[in-house]
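Please look over the sequence and the model below. This report then goes through the fold, piece by piece.

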Amino acid sequence: METKSSDQGQELHFVFMNYDPEYERLRADRTKKGAYELDMYLSTKHDELLARTLQPGTYRKTLSLVIVDGFAVEISSEQAESLRTAKGVRLVEKNQELA
């Protein structure tokens, strides 16, 4: 298995969050407004976690995942370790691409 990496030694990682009752409440609202609120809630939540845990300009969040409370971010292995110990984080996994 190979992973793509950038010039700074950063690789794509997926970060999944612990149970969050607000996420579950928003996800249950199937209206257009509810979907928008869920998107905004998760994006802000994930951005704030990254800002609290990592130095600005050292990572690149590529997307927030709505179907699960998680996101994808390009980070170094050291930054992945920092996120693994952050409050609210359940799992951090490096993206694996099959050759």
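## Model and confidence

This is a predicted model, in which local features need pLDDT of at least 70, side-chain atom pairs count only at pLDDT 80 or more, and totals for chains, interfaces and linings use all residues. Residues are numbered from 1 along each chain as its sequence is written, and side-chain values use heavy atoms, with hydrogens and water left out.

pLDDT is the predictor's confidence in each residue, from 0 to 100. The protein has a mean pLDDT of 91. Of its residues, 91% reach 70 or more. Residues 1-7 fall below 50. This stretch still has 16 contacts (heavy atoms within 4.5 Å) beyond near neighbours in sequence. Where pLDDT is low, the predicted coordinates should not be read in detail.

Helices (H or I, at least four residues) and strands (E, at least two) are DSSP runs, numbered from the N terminus. Strand S1 spans residues 11-17. Five of its seven residues are buried, meaning under 20% relative accessible area, with exposed over 50% and partly exposed in between (1.4 Å probe, protein chains only).

Strands pair if DSSP finds at least two bridges between them. S1 pairs with S3 (residues 70-75) in the antiparallel sense, over six bridges. S1 also pairs with S4 (residues 89-94), again antiparallel, over five bridges. His13 stands opposite Val73 in S3 and opposite Lys94 in S4.

## The nonpolar core

A nonpolar core is a set of buried Ala, Val, Leu, Ile, Met, Phe, Trp, Tyr and Cys residues joined through side-chain atoms within 4.5 Å. The largest one has 13 residues. Val15, Leu49, Phe71, Val73, Leu83 and Val89 have the most contacts inside it. S1, helix H2 (32-53), S3, helix H3 (77-84) and S4 each give two or more residues to this core. S3 gives the most, with three.

Phe71 has contacts beyond its neighbours within four places in sequence. Among them are His13, Val15, His46, Leu49 and Leu63.

Which residues of H3 are buried? They are Gln79, Ala80 and Leu83. These lie on the same side of H3, because they cover an arc of only 105° around the axis (taken from the directions from the helix axis to the C-beta atoms). The buried residues of H3 pack against S1, H2, S3 and S4.

Lys87 sits in the loop between H3 and S4. Lys87 counts as exposed, at 77% relative accessibility. Leaving aside neighbours within four places in sequence, Lys87 contacts Leu49 and Arg52. Its C-alpha atom is 9.1 Å from that of Met17, 70 residues apart along the chain.
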